[in-house]
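Let's take a walk through this fold together, one neighbourhood at a time. Keep the viewer open and follow along as we go.

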Amino acid sequence: MNARPDKGRLLLVPTPLDFACQEQAPVHQVLPEATLAAAAGLRHWVCENAKTTRAFLKRVSESHPLIAPLAEQQITELPRLVHKKGDHLSGFDGKSMLSAALQGHDIGLISEAGMPAVADPGSSVVRAAHDLGLLVLPLVGPVSLLLALAASGLNGQSFAFVGYLPQDAAQRTTRLKQLESLALKTGQTQLWIETPYRNAAMLAGLLQGLQANTRLAIASGLTLPSASIQSHTIAQWKKGLKGPDGHTPAVYAIGP
């Protein structure tokens with residue numbers, strides 16, 4: 001279905017990667033001028049969390065006046081079911097989120113960190129926009145997975161993002177061995193993310209379960225002055241290298 005010029009657009013608005021971090025980078029150092037200007041010009045939003053969306057808009061307003069005050073911004077949160085099961089397993093129909101666009105207003109889709117609908121909720125809304133004939137416009141900004149991959153030294157020509165790994169230690173070890181086998185057999189880099197407070201358990205599981213020559217890259221605090229990007233074999237990691245702390249989001253990648 002072709003985009004309908006009489007209707008609003010769905011803008012995919014990236015945000016800084018410092019959500020829940022103890023420090024924040026100035027927003028103009030992370031997002032380009034055009035993205036900040038586009039965000040400042042919106043008054044309708046679909047988001048993960050209204051509170052963090054308002055916090056982002058407050059940061060934007062420091063350099064770009066908002067078209068509407070924070071109190072007048074129309075912010076709608078994605079249903080809890082999408083957070084728990086994901087866009088494609090929840091069966092959620094995102095068309096209900098896009099009524100303002102059908103009335104001619106642009107809508108911003110936003111997540112708590114990075115690009116919405118990539119390792120974050122929102123793809124159901126994007127799909128619904130296409131089905132309704134709305135123009136979908138991704139804006140430029142940081143994507144943690146690509147930043148981590150580019151800085152890892154691992155294969156950037158063939159890679160897969162596998163989401164979160166199991167929380168149970170035994171199940172996590174089994175999954176890690178599966179991913180390692182796939183990476184070593186095909187050369188395909190395997191990437192995933194983890195909740196910060198489980199970073200220590202994740203690193204311990206990696207060091208215990210993977211082969212000595214497998215390369216492990218961990219990127220944390222991306223775009224921050226304190227960013228850490230390390231890429232070493234498991235054998236080198238075992239010599240006492242430290243992983244990310246329990247407060248900073250991290251991206252993990254393995255490969256040959």
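The paragraphs below go from a sheet and its helices to a strand, a loop and some salt bridges.

A word on the model comes before the tour. This is a predicted model, in which local features need pLDDT of at least 70 and side-chain atom pairs count only at pLDDT 80 or more, while totals for chains, interfaces and linings use all residues. Residues are numbered from 1 along each chain as its sequence is written, and side-chain values use heavy atoms, with hydrogens and water left out.

Let's begin with a sheet. Five strands make up an open, mixed sheet, and their order is β6-β7-β10-β8-β9. Helices (H or I, at least four residues) and strands (E, at least two) are DSSP runs, numbered from the N terminus, and two strands pair if DSSP finds at least two bridges between them. At the edges you will find β6 (159–161) and β9 (228–233), each of which pairs on one side only. On average, neighbouring strands of this sheet are turned by 15° against each other, direction ignored. For such angles, axes are lines fitted to C-alpha atoms, for helices over the stretch in contact, and angles run from 0 to 180 degrees between N-to-C directions.

Look next at β7 (residues 189–194) and β10 (residues 250–255), which are paired in the antiparallel sense over five bridges. E194 has A250 of β10 as its bridge partner. Helix α9 (residues 169–186) packs on the sheet, where it touches β7 and β10, and its direction makes about 150° with that of β7. Contact here means heavy atoms within 4.5 Å.

E194 has a further partner to look for: its side chain meets that of R198 in a salt bridge (3.1 Å, N to O). The term stands for a side-chain nitrogen of Lys or Arg within 4 Å of a carboxyl oxygen of Asp or Glu. Both R198 and E194 are buried. Buried means under 20% relative accessible area, exposed over 50%, and partly exposed in between (1.4 Å probe, protein chains only).

Move along to helix α10 (residues 199–209), whose buried residues are N199, M202, L203, G205, L206, L207 and G209. The buried residues of α10 pack against α9, β7, β8 (215–220), α11 (234–237) and β10.

Now to another helix. α3 has 12 residues and reaches 16 Å from its first C-alpha to its last, close to the 16 Å expected at 1.5 Å a residue; the expected span is 1.5 Å times one less than the number of residues. The N-terminal end of α3 is capped by N49, which has a side-chain oxygen 2.9 Å from the backbone nitrogen of K51. A50, T53, F56, L57, R59 and V60 are buried in α3, and the elements covering its buried residues include β1, α1, α2 (33–40), β2 (44–47), β3 (74–77) and β4.

Strand β2 deserves a stop of its own. H44 and V46 point one way from β2 while W45 and C47 point the other way, and all are buried. β2 pairs with β3 in the parallel sense over four bridges, and C47 has E77 of β3 as its bridge partner. H44 counts as buried because its relative accessibility is 15%. Leaving aside neighbours within four places in sequence, H44 contacts Q73, Q74, A100, H105, D106, I107 and G108.

How many does a search of the whole structure find? There are six salt bridges. In one, the side chains of D106 and R9 meet at 2.7 Å, N to O. D106 lies in the loop between α6 (99–102) and β4 (107–110) and R9 in the segment before β1 (10–13), so this pair ties together parts that are 97 residues apart in sequence.

D18 and R59 form another salt bridge, with their closest N and O atoms 3.1 Å apart. This pair also links distant parts of the chain: D18 is in the loop between β1 and α1 (27–30), R59 is in helix α3 (residues 50–61), and they are 41 residues apart. D18 is buried because its relative accessible area is 3%.

Our last stop is P142, in the loop between β5 (136–138) and α8 (144–150). P142 counts as buried because its relative accessibility is 7%. P142 and V30 are 112 residues apart in sequence, yet 7.1 Å apart in space, C-alpha to C-alpha.

Technical notes. Polar contact = N/O pair within 3.5 Å; in protein donor to acceptor, adjacent residues only side chain to side chain.
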